[in-house]
Amino acid sequence: MKEILAIDQIGFPVLSALIFLPIVVAIVLQFLRGEAAQRQAVLIGATLELLLALFVTVKFVPGTADVQFAEHLTWMSDLGASFHFGVDGISLLFLPLTALVILMALVFSPAGGRSFGRFYYTCIMAFEAINMGIFSSLDLLSFFVFWELALIPSYFLIKLWGLGPQRQYAAIKYVLYMLVGSSPLLIAIILLNANYNDAVTAGLAAAGQGFDYMALLNVAVKPEVQTTIFFLMIIGFAVKGPVPPFHTWMPTVLMEGPIGMAIFLVGLKLGVYGMLRFVIPLLPDASREWFWLMAWLGVASALYGGLIALVQPNLRRLMAFASVSHVGLIVLGLFSLNMQGMQGALVTMLNVGLSATALMFLTGALLRRTGSTDLSAFGGLSRHVPRLAVAFFVIGLASIGVPGTSGFVGEFLVMLGAFRADWMLASVAVIGVIISAGYFLWYYERAFFGPVGSHKIASMPDLNRSETLAVSGVAVLILAIGFFPAPLLNVTGPSIAAVVARVDSAGTPKTAA
């Protein structure tokens, strides 16, 4: 795997620009008075960020596994740490996805007459900059720094702008869970660094690159520590996933936190991204040895999340457990350890980023109009808010993987990969796919066609212009990927193939237990 420097590719450090642009916007906000001026400035900044991320996507050269737009910035040279940025087919599309999720969160207006304010917008911009750093980082220590920094704006967003009476509890619970997950992740990164330094001592590697992803790929991890590092990283990323039994923070935060934060959490699957970006490529032997455990954990998560979602009367809790189910399906695809499964997992991550973000956006629209997301407050919505009803249905079809949507592409590839890995495992996983259709259609039928549950429904306004535009843009992307997936697969394919090749070279997997 080679890398192409950004200065040679397009003439300027575009990934650094993606990280610093939101920071510049946040600084400008401090000098603006009035929420209207602040909101306008942040919307302009978020739009420019999306355009810049799309520019990176357009300039990306498909058909290669090379890292592109690479940048190297000296940080702590004595420790072998640097700010090394770059994207390949695995990480590229998460840049525009992040920008889109942020923009949709900003388009959503506050419920209950509560003001966003300067500090809210500052937290949003900080969150965007940090997530751009997470998806661009190719140095494990700088990746971890960005990973931890995300807790700061997240805490304030949940605590100060949460919608539930227990929002402070939810903020603390979220931070504590993330810190518990970060501890084993940091230990794993230190062990990888120690393994690299041993290779340097043995003359097998160059000094000064102990945290660099590209350098770590060229140094085999000792068998006696690879399994230890594998499970430490898996725990760290599983908490963020979330993967059961580390998932209990998700329903709490979605019920108590602000809709804007909920949009981030259901849309950006950082935990499973970390598994694909770092765990499987750096630890191919352990990934092969324990693939059966992770695949069955994925199936169990998909079934568990789907069954719990099936009985939820509250839409936000339904979305929380649907997110758990989707993560389980992604984990199954990743640890099928073949081209179809892993590429399907990546497409599913992107589909969830689009469909779950839009569904949570529409959930927020219902909350703002009715003051509730409980089923008892709905019923008969299709007659009074037809645009919202159609949008919810179309986006929901992608969430459950109906043909013609991006969800179908991802789920089909995941199941194809799973059947190639173990037919029994895949057969059980199919039940989870059926359940996902059940919980969405069952809730939709009662909420949009059932008896009216609140007097507010009759006078309820439909989606406004900005809301319609935001959701329509996502729907177009979902249908475009569903009908024409080839361009997306051409971008992601070579990088996924490189990961599969590393795993294949590690040996033959054990039979599923």
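Leaving aside neighbours within four places in sequence, R316 is in contact (heavy atoms within 4.5 Å) with L163, L254, M255, G257, I259, T363 and T373. This is a predicted model, where local features need pLDDT of at least 70 and side-chain atom pairs count only at pLDDT 80 or more, while totals for chains, interfaces and linings use all residues. Residues are numbered from 1 along each chain as its sequence is written, and side-chain values use heavy atoms, with hydrogens and water left out.

R316 sits in helix 16 (residues 315-334); helices here are DSSP runs of H or I with at least four residues, strands are E runs with at least two, and both are numbered from the N terminus. Buried is taken as under 20% relative accessible area, exposed as over 50%, and partly exposed as in between (1.4 Å probe, protein chains only). R316 is buried yet has no salt bridge, meaning a side-chain nitrogen of Lys or Arg within 4 Å of a carboxyl oxygen of Asp or Glu. The nearest side chain of opposite charge, E256, is 7.1 Å off; Lys and Arg count as positive, Asp and Glu as negative, and His and the chain ends are not counted. What the R316 side chain does have is a polar contact with the side chain of T373, at 3.1 Å. That term covers a pair of N or O atoms within 3.5 Å; within protein, one must be able to donate a hydrogen and the other to accept it, and residues adjacent in sequence count only if both atoms are side-chain atoms.

Elsewhere, the count comes to 5 salt bridges. One of them joins D88 to R277, with the closest N and O atoms 2.8 Å apart. D88 is in the loop between strand 3 (81-87) and helix 4 (94-107) and R277 is in helix 13 (residues 270-282), so this pair ties together parts 189 residues apart in sequence. D88 is buried at 1% relative accessibility, and R277 is buried at 2%.

R288 and D504 also meet in a salt bridge, 2.7 Å from N to O. Here R288 is buried, at 10%, whereas D504 is partly exposed, at 43%. E467 pairs with R369 at 2.8 Å, and both residues are buried. R368 joins R369 and E467 in a network of salt bridges.
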